[in-house]
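Please read this report with the sequence and the model side by side.

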Amino acid sequence: MQLPAGAIIDAAPASIYVKDLEGRYLYVSPGVVAQTGIPPEQYLGHTDVDVFGPEQAARLRKNDQRALTEQVDEVEFFDKPVDVVYRSRKFALRGADGQIYATCGISLDVTAGYRAEQAQRVAERRLAQLQIVDSLGRFAGGMAHDLKNALTAVRSLIELAIEDAVQVPSDAPPDLRGRLLEVLGEAQQATLRSADQIATMLTATQYRRSERTATPLAAILDRVRPLLVTVQPAHRLVEDVHPDLRMLIAEGEIEQVLLNLVTNAAETTHDDVRVTIRARAVVAENTFSDVSSAQPPALEPGHYVCLDVIDDGPGMPPEVLERAAHPLFTTKRGGSGLGLWSAQAFALRNHGQLAIRSEPGTGTTVSLWLPAADTG
Ligand SMILES: Nc1ncnc2c1ncn2[C@@H]1O[C@H](COP(=O)(O)OP(=O)(O)OP(=O)(O)O)[C@@H](O)[C@H]1O
Ligand SMILES: [Mg+2]
């Protein structure tokens, strides 16, 4: 029985197309037209550059060229006219004389499976990040707790020694008493500074698990502004924030996070550093290509508020940038290295992300991507 090839191609749930050696379409199946919504006459005699634009055409052309010498089996990403992921098989067509005159491609729409896989990868990555951040936090918290006990003992011993030093008789070698008191006084100051740092570590590593609620950004800024101006003068603190933004976050933590970020900017070596708090509504897309460089990786698609703290300070060299958000990493004397770590932990717990962009000489932008409230 002779099967009608045309009818089979017409019914096939696939996109089938033939292009000549210059990349001009010789044939498109009904599947191509249905998938793209572009009528056949816009294909026939035209190239991918005409139909899809130069960028997408360049991606397709590579596989078409390879198909002249080998069978190609590739995943192809379309972003125009719609986001589609194809599994494509391409091969050369030969005429009666054995010469190659065209390439043929058969593409199956695998978008749904690809999206599901991508969503799972994003969720797994977020979970892995959260686990690292949480366990490092627990580790730092445990360490802070032990240090606090050890330090209490050292402080009591120093106090006892000071009491003894006061008793040193006046016929002791000259100035022994003065020297003892001086050294012990310094030791005492050092323990007080450490106790402060440990207290910061304990607060940063302990948080209440609370419900996420729709929180207006304007109200947060009203609450935190009086604290911010204690670290950064008001005339060099700029706000560029849309008044209606609302985020879905747990209450009571973001104020400290913002204070940490503005403090970091204010603490740079740069005199007269200018700090801008900027916020805008953004959509994280389930993009197939690596087009959106501003979007941090491992972000579930959806509506976000991107809250930036931008400074024009000295920026960070790459080796600092890479470790800046690690717990206990600091380049500052007396720093605890918990500011960016706790900002990141906060973002991850709230289904967001922290992104840091920084270059020596141009300043730093720390972005909190937090889920927007009341958007679909
Ligand atoms: N805005 C910034 N500009 C330049 N470097 C920065 C900036 N923010 C952070 N850093 C670098 O990242 C490091 C880590 O910052 P982080 O806030 O986590 O800790 P810290 O500021 O050192 O200590 P603290 O726990 O007291 O905040 C800093 O020591 C600094 O080297
Ligand atoms: Mg800090």
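## A loop residue and its surroundings

A234 counts as exposed because it has 9 C-beta neighbours inside 10 Å. A234 lies in the loop between α8 (217–231) and β7 (237–241). Helices (H or I, at least four residues) and strands (E, at least two) are DSSP runs, numbered from the N terminus. A234 and R274 are 40 residues apart in sequence, and their C-alpha atoms are 9.9 Å apart in space.

The model is predicted: local features need pLDDT of at least 70 and side-chain atom pairs count only at pLDDT 80 or more, whereas totals for chains, interfaces and linings use all residues. Residues are numbered from 1 along each chain as its sequence is written, and chains are lettered from A and ligands numbered from 1 in the order in which they are written.

## Domains and core

The chain is divided into domain 1 (5–109), domain 2 (114–206) and domain 3 (210–376); such bounds come from an automatic or database domain assignment. The centres of domain 1 and domain 3, taken over C-alpha atoms, are separated by 45 Å.

The largest nonpolar core has 48 residues, and V305 and L370 have the most contacts inside it. A nonpolar core is a set of buried Ala, Val, Leu, Ile, Met, Phe, Trp, Tyr and Cys residues joined through C-beta atoms within 7 Å. Helix α11 (residues 339–349) gives the largest share of this core, seven residues. Domain 2 and domain 3 each supply at least three residues to this core. In soluble globular proteins, nonpolar side chains tend to be buried together.

Which residues is L370 in contact with, leaving aside its neighbours within four places in sequence? They are M247, I249, Y304, V305, L307, A347, N350 and G352. Contact here means that the C-beta atoms of two residues, placed from the backbone, lie within 7 Å.

Strand β12 (residues 363–371) is mostly covered, with seven of its nine residues buried. Strands pair if DSSP finds at least two bridges between them.

| Partner of β12 | Sense | Bridges | Residues opposite each other |
|---|---|---|---|
| β10 (residues 302–311) | antiparallel | eight | V309 and V366 |
| β11 (residues 353–359) | antiparallel | seven | Q353 and W369 |

β11 and β12 form a hairpin with three residues between them, and G361 in the turn has a positive phi of about 95°.

## Two residues with positive phi

D272 is not a glycine, yet its phi is positive, about 55°. D272 lies in the loop between α9 and β9 (275–284), and D272 counts as exposed because it has 8 C-beta neighbours inside 10 Å. L328, also a residue other than glycine, has a positive phi near 75°. L328 is in the loop between α10 (318–323) and α11. With 16 C-beta neighbours inside 10 Å, L328 counts as partly exposed.

## Around ligand 1

Of the 21 residues around ligand 1, those that come nearest are N264, T330, T331, G335 and G339. A residue is near a molecule if its C-beta atom, placed from the backbone, lies within 6 Å of it. The elements that give two or more residues to this shell are α9 (254–266) and α11.

Note on methods. A residue is buried if 20 or more other C-beta atoms lie within 10 Å of its own, exposed if 12 or fewer, and partly exposed in between; C-beta atoms are placed from the backbone.
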